[in-house]
Amino acid sequence: MSATLRPARSLADELRARSDENLRELFLLRPDLLSPLPTDITALAARASAAPSIARVLDGLTTWEIQVLETIAVLSEPVSMEALLAITGDNAIAPVVKFRALALIYMDEEHIRILNSVRESLGPEPAGLGPVGFGAKDRWLKKIDAAPPAAQAMLEKLTWGPPRGTVSDTKKPTSTISWLMENQLLVPIDGQTVALPREVGIYLRGNKVHRERFDIPPDFVGKELALEDVDSAAIGAVLEILHHIEELLHFWAGEPAAALRSGGIGVREIKRASDELSLDEKYLVFIAELAFISGFLVLHNDEEFLPTTGFDLWRNKTLEERWVELATNWLSTSRVAGLVGKSERGYIAPLGPEIDRSAIAHIRRVTLELYAQISPTTVDVAALAERVKWERPRRAFGNHHDYVHWIAREAQWLGFSGRNALTSFGQALLTGNADLGMQKLLPKEIDYIMIQGDNTAIAPGPLQLDLAREMSLIANIESKGGATVYRLTDHSIRRALDNGRSSDDIKTFLGKISKTPLPQPLEYMIADVGKRYGKLRVGISFSSYIRCEDQSLVAQILVDKKLSHLQFRQLSKGVLMTEGDTHEAIDALVEAGYFPALEDRDGALVARKHDRARAKTKARPPRISVDYARPSDDLIGAALRALRAGDKAASHRKSAPITTGTPSETMGTLTLAIKSKATVTIGYADTDGGLSERIIEPIHLLGGILMAYDHGSDEVLRFAVSRISGVAIVE
Amino acid sequence: MADGPLIVQSDKTLLLEIDHGAADDCRRAIAAFAELERSPEHIHTYRLTSLGLWNARAAGLDAESVIDVLLRYSRYAVPHAILIDIAETMARYGRLRLETHPVHGLILTTTDSAVLEEVIRAKKVQPMLGKRIDSETIQVFPSERGRLKQSLLKLGWPAEDMAGYVDGQAHPIELAENGWTLRPYQRLAAEGFWHGGSGVVVLPCGAGKTLVGAAAMSLAQATTLILVTNTVAARQWRNELLKRTSLTEDEIGEYSGSRKEIRAVTIATYQVLTTKRGGVYAHLDLVDQHDWGLIIYDEVHLLPAPIFRFTADIQSRRRLGLTATLVREDGLEGEVFSLIGPKRYDVPWKEIEAQGYIAPAECIEVRVNLTDAERLAYATAEPEHKYRTCATTRTKGAIAKLLVEKHQGEQILVIGQYLDQLGTLSTELGIPVITGDTPIKEREELFQGFREGEINALVVSKVANFSIDLPEATIAIQVSGAFGSRQEEAQRLGRILRPKADGRTARFYTLVARDTVDQDFAQNRQRFLAEQGYSYRIVDADDILIGDVEL
């Protein structure tokens, strides 16, 4: 690549001289340069040297690349390749080539020129070296070895930075300082500060810029594994997390988690859910966040978090689709679930506003790409953190151990990795491959259960969705994993009755899908609950009433201390009245061990629904920060054409006269330009009668209207052909 | 194994499909490190616990082989977190060891100095330790051996106790295998204990734990202290030892509320040892003032807390714990592990049943209707009297009578909680009653009569049904008694599970008042029994009354 470039006087010069291929590479490396599109090469060069864009590039450099760049920045210009390699060693060649491709440097004959803005972005004292000195090297070199011991000690102190020292007054220095300043071994910065000149620093460092060269990336390889083992371990996690998200949202649908005033969910709600579902708190926070960023969980009426209908849509997808949705959202989110918990600033809440970190998505991707490099070998997480820090020193510092640890943990929970190695489907998702190949890994669905004498029912594999739904209505889930253990209790049977099933329905359903005969005591239990259910009717008129023909049951309710808060009054034989809410009354009765049914005004049974609360608020998943997407070839192609044309137009504007032509000539030229994708200059009459010259790229022509990209305004505009005074094709 | 018999759940339970071809092999393999939680007819549930894994380590199993077993038999991918957890948990056992050093005496030593650093920084541990010998060794005050083990277990670094034992005062004890022999599993249990030094043997009720104790004594050949739950159990131990060993009456002493004999073999009750006089345990001298070579704890799962306290002081004596279950309802399993020792031997209930050493049993719940008057009384009863009101319904008496008649000629126990109910039954059925008030002498006479077949039926109270030996009872009829703890139920069931001479099925009837709290207790019982793998069936009392049901 560098061979095709000729020496340049400025970055713009060099960019202009680049081949399309070179520019294409630049756009792939720095997609931010494409939006909005610069009008010509000069503008591109200006954009490429703008501080925010440079900072973005530097954020993507490795530790070693930063070291090489700093070395270039501290050497006196012009920097020759020999001088650079003398300090850095030959491993600097690849970074230099990369910097040129990135347009951080350009070549002036044999010499490297670094952009001023890059130099500025590296800070005032790159590698802890001071300002450029002004003494001649042979002069201070002679003196430095003869320096008095006190001066030597002072130099030694400043050698590895910081290169500055404070003195009482640079105008009245002590003898040592004075000696050093006289010999240009120290330079005054201001009234109280002196600094070690850069060249002297490098000399004292033994012709080094950095104490240690980090030109070898740290290793992070763990154990070698078979991909099947990795995948099978991860599939277990996939099944679990899908199930746990459902469980958690069902739980919060029934008992919504209260929102904190400062945003997010409080520690007590998390603890309650974690106890209820027997899930680790940290894991629970993670899946709650995952549901939140996927739009399954939303703050409702500013007071509680509720599942959304989006959650119901998601539940109806296949296992693979469900997983892909979660994994994709996780890849791009800027939220860091690991931050949740106690901190110096108090409790940081999940689903709250405090855990957005713009760098995390980038670090996450870099981390997973490192996984991908060695898959199916495992990563050593601690070493991986060091490697990530090496890969992105400007993004992953300080927190990198936590961040990488959390990413590794979450990847495992999500099934992106298994046993700390990247799974085949994780890799496919990472590279954008649509076929994840998960189907053959997921266990086959089964359509039966086994009921046992202790009233448990076991589905020894993933149960078909419809059967699983019905089962979780009839029975409580006791244990989940490869299999599901259900427990049938009188409460769970009651719940099914509440949902409109009859005891015969339940018996028939269980009988049909159970591979083992129904235990006789279970049949008794179902029948018993069915018999007791509906004996006691709770209905609504002006307040709530209870109706029951069984006198002893009525008597029992009246004296039951657990129900005294409802203050039942007996209206007539078999009818009780309470002022309380009907549903509260039913819940209290259930709690106290009764089996009430809800009836409407006509005395018909009404099915009570459970766990159905959904937020009416629309989910607005939180901010997602992403790196610029890789630009498509088409976009780059169009950009290149526009750029070249704009550049030419800018430099040849005066020498390309616009020929005034007839409307048909104008139309002919425009049609030609559209066909050949050429850029044209047009004379255009404004509404106020003035004539302006515009550089445009015609897109299409229809009914006297030309649609074209206008370089001046950077947008696609409509031009009336009747107002075009003339056209010239830009060469 | 793509189609294995085992499913490893994420909550650390293991589901074993027992009709699977490889189920037996798998069961044997996992029993070494997982606790059997329930064993109904099709799928058994085991649980992985820290103590279970440490017990396995103590028995010489390493994490690698545990993980290997899970992977080999598991039908689906084993959750990775569980594999990691197993490896980490098991790696914690044995990093610390208690040993006897020729110069420094009792020492705590480690293969991992970081662990030692961690534990000696713990506030509770510090006062138990003496001087530091090197980075991997530290002296331990011999008196703190037990408490140190307790503390280390709580810190999650259980120590392996290799410090050895004192021999105690020698005393010859031989098994007298005249006309009987030790069963193979009893022999293995005693040997497993002896090689392990100290620890617990888990055997189901009726599997002959007393004989395991006797066999252990014959291995120790030393004076022995046996701790039992109550006086009746003490007398049984005594009778059994006289019959099965070379010990004579003069060599066996009873140390209880009524007698204070100290002999070469002394049987003491928990109660007497935990009796306080003037704020101090008055009888602890028995334990530490004598040179016992072996201490046997009967029914370890019922050991009261004070006994643990003094057990901590006698860690240099061999300790054998006997129990039907390691599960303690007070959660003190860790104390058993650190103070008595790891599990040295166990064998599943069903396996012993299959070998014919325990009778198979059938459980039948009989649903009794309350009369209308009783229903109203029940409905309006104060909560604390509710159970009694329904449990003592008159109808139960009639049904019990019918059942007793039905099983004429078999050995029958009628079990109940309320003395007046038992009294009435005794009168109505014309059979003797034993309660807590019955003098021991009379109690023993009645039991003897029952054993010898002179008496066919007894009404007994709850008090009487702990640690008594009723070899030929084939029918139990429970008229009242709320579902107690799981152990209590296991005990009660154990009463009728002793091997029957003719191999016939034992029957366990529970009479339950319909639509009352009695029925709720029955549901707990049903769950418990079904979890133990017993068949369970419900019949209507009316059907029995009109003779419309096959029993």
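Visitor: Hey, where is A:R419 found in chain A?

Guide: A:R419 is in the loop between β12 (417-418) and β13 (421-422) of chain A. Helices (H or I, at least four residues) and strands (E, at least two) are DSSP runs, numbered from the N terminus. Quick heads-up: this is a predicted model, where local features need pLDDT of at least 70, side-chain atom pairs count only at pLDDT 80 or more, and totals for chains, interfaces and linings use all residues. Residues are numbered from 1 along each chain as its sequence is written, while chains are lettered from A and ligands numbered from 1 in the order in which they are written.

Visitor: Okay, and what is the phi of A:R419?

Guide: The phi of A:R419 is positive, about 50 degrees, although A:R419 is not a glycine.

Visitor: Is A:R419 buried or exposed?

Guide: A:R419 counts as buried because 20 other C-beta atoms are within 10 Å. A residue is buried if 20 or more other C-beta atoms lie within 10 Å of its own, exposed if 12 or fewer, and partly exposed in between, with C-beta atoms placed from the backbone.

Visitor: What about A:L351, where does that lie?

Guide: A:L351 sits in the loop between β11 (346-348) and α18 of chain A. Its phi is near 65 degrees, a positive value in a residue other than glycine. A:L351 is buried too, with 27 C-beta neighbours inside 10 Å.

Visitor: New topic: which peptide bond is cis?

Guide: The one from A:S375 to A:P376, with omega near 0 degrees. A:P376 is in the loop between α18 (360-374) and α19 (381-391) of chain A.

Visitor: Now helix α24 of chain A. Which residues are buried there?

Guide: In α24 (residues 503-513), the buried ones are A:I506, A:L510 and A:I513. They fall within an arc of 80 degrees seen down the axis of α24(A), so they line one face of the helix. That arc is taken from the directions from the helix axis to the C-beta atoms.

Visitor: And what is exposed on the other side of α24(A)?

Guide: A:D504, A:T508, A:G511 and A:K512.

Visitor: What covers the buried residues of α24(A)?

Guide: The cover includes β14 (450-451), α22 (465-474), α23 (490-498) and α25 of chain A.

Visitor: Last one: how many residues of chain A are in contact with chain B?

Guide: 33 residues of chain A are in contact with 31 residues of chain B; contact means C-beta atoms, placed from the backbone, lie within 7 Å. On the chain A side, α13(A) gives the most, with 6 residues.

Terms used. Two residues are in contact if their C-beta atoms, placed from the backbone, lie within 7 Å.
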